[in-house]
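Please read the sequence and the coordinates side by side.

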Amino acid sequence: MRASAPVPSPCISVCRIDDTTGWCEGCLRTLDEIAAWGSLDDDSRRRTWASIGERRTTLAGGKLPPTLRFIERDWLSSNQIVGFDAGIATVVDTGYAKHAPLTVLLIERVLREAGGARLGRIVNTHLHSDHCGGNRALTDAFGCTTTIPQASAAEVAAWDEAVLTFVGTGQRCPRFSFDAVLAPGDTLRLGELDWRVLAAPGHDPKSLIFHCPDARLLISADALWASGFGVLFPELQGESGFAEQQAVLDLIATLPVDRALPGHGPMIDDVPAALARAQARLQAMRSDPARHARHALKVLVKFLMLDVERIEAERLAANLRGAHLLRDSAALLGLQYDAALRWAIDELVDQGQLQRDGRWLMNV
């Protein structure tokens, strides 16, 4: 936050109240503080921010080394992990383009709370739009460098949006460049710790994860969440993804890890339990590939609705006609594109994820 600018809301679109603390899990405010925010003057808002900083310190006690910060976002934007090395910060992954201004404010807050550190570098685990959509905004705001997976360097240099999956998913990402690359076998210095760079194909054939044996920590990207893992996009295109995801989960199970920092969702304190859930989910998908295709259809439509929030159904269909991953999913189910899209919308409405209002669809 700049002193001359309006004090921004702490909301990061993660809206769950913790029954133990009474604080929102996303912004760390109480319900009373959330309700009062709109009527507060700037001084009162700054006091609320100060309270949030104190609460964050309390909650983080013992979970992470003091040189690391974990910022939980939502399902449109990836989480951020920030590491500090001698006053220079590195952020792992940057969220989606829609949330880029908020990502800048969040990083400003973390840098300020760390005593005025400088953001020196972005590191991307992989280049799906929800993990690199804030790259351009952060480099513009902070003048930092960008490090990407080596396997993605050619398509970024050429800015091939088809290979980068932005076209195939119907998603968007402002163009960015890169300054360095990481490959499996490299060592990443982050938060005064050394992290092994490991390949994590499955969700994305070019994805990386980072393991710190000394701190027994894993940055698991979309290879492992508390509730599962990301859509296995290669499987939608007739390529292998189930076997690769199985290999990644098996690899994680061999690593000394007490805590995992995923690409989405909360920090994972019970890694064996998360692995068991992920294994069960993967086995269900392998035994019924159509289940995975149906899941992917709903995820892709829901993601777009998180972005646009409200849209006419016909316009949604038109916007997604170029998204071949939806067509690929439909083909796996033996459906035409229009029928598959109608099915996904109906399912999401029935599940309370979308609402209809005449010809309009609205995100819930």
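The paragraphs that follow cover the basis of the values, then a threonine, then the salt bridges.

This is a predicted model, in which local features need pLDDT of at least 70 and side-chain atom pairs count only at pLDDT 80 or more, while totals for chains, interfaces and linings use all residues. Residues are numbered from 1 along each chain as its sequence is written, and side-chain values use heavy atoms, with hydrogens and water left out.

Thr103 lies in helix 3, which spans residues 100-113. Helices here are DSSP runs of H or I with at least four residues, strands are runs of E with at least two, and both are numbered from the N terminus. Thr103 counts as buried because its relative accessibility is 0%. The classes are set by relative accessible area with a 1.4 Å probe on protein chains only: buried is under 20%, exposed is over 50%, and partly exposed is in between. Apart from neighbours within four places in sequence, Thr103 is in contact with Arg73, Gln80, Thr94 and Leu138, where contact means heavy atoms within 4.5 Å.

The charged pairs come next. The structure holds 15 salt bridges, each defined as a side-chain nitrogen of Lys or Arg within 4 Å of a carboxyl oxygen of Asp or Glu. One of them joins the side chains of Arg136 and Asp140, at 3.4 Å from N to O. Both residues belong to helix 5 (residues 135-142), and because they are 4 residues apart, about one helical turn separates them. Asp140 is exposed at 56% relative accessible area, whereas Arg136 is partly exposed at 38%.

A salt bridge is also found between Arg189 and Asp194, with an N to O distance of 3.1 Å. Arg189 has 43% relative accessibility and so counts as partly exposed; Asp194, at 41%, is partly exposed as well.

What does the salt bridge between Asp258 and Arg216 link? The closest N and O atoms of Asp258 and Arg216 are 2.9 Å apart. The pair connects distant parts of the chain, 42 residues apart: Asp258 sits in the loop between helix 9 (242-254) and strand 11 (259-262), and Arg216 in the loop between strand 9 (208-212) and strand 10 (217-221). Asp258 is partly exposed, with a relative accessible area of 40%, and Arg216 is partly exposed at 35%.

Salt bridges can also be joined up: Arg16, Glu25 and Glu72 are linked in a network of them.
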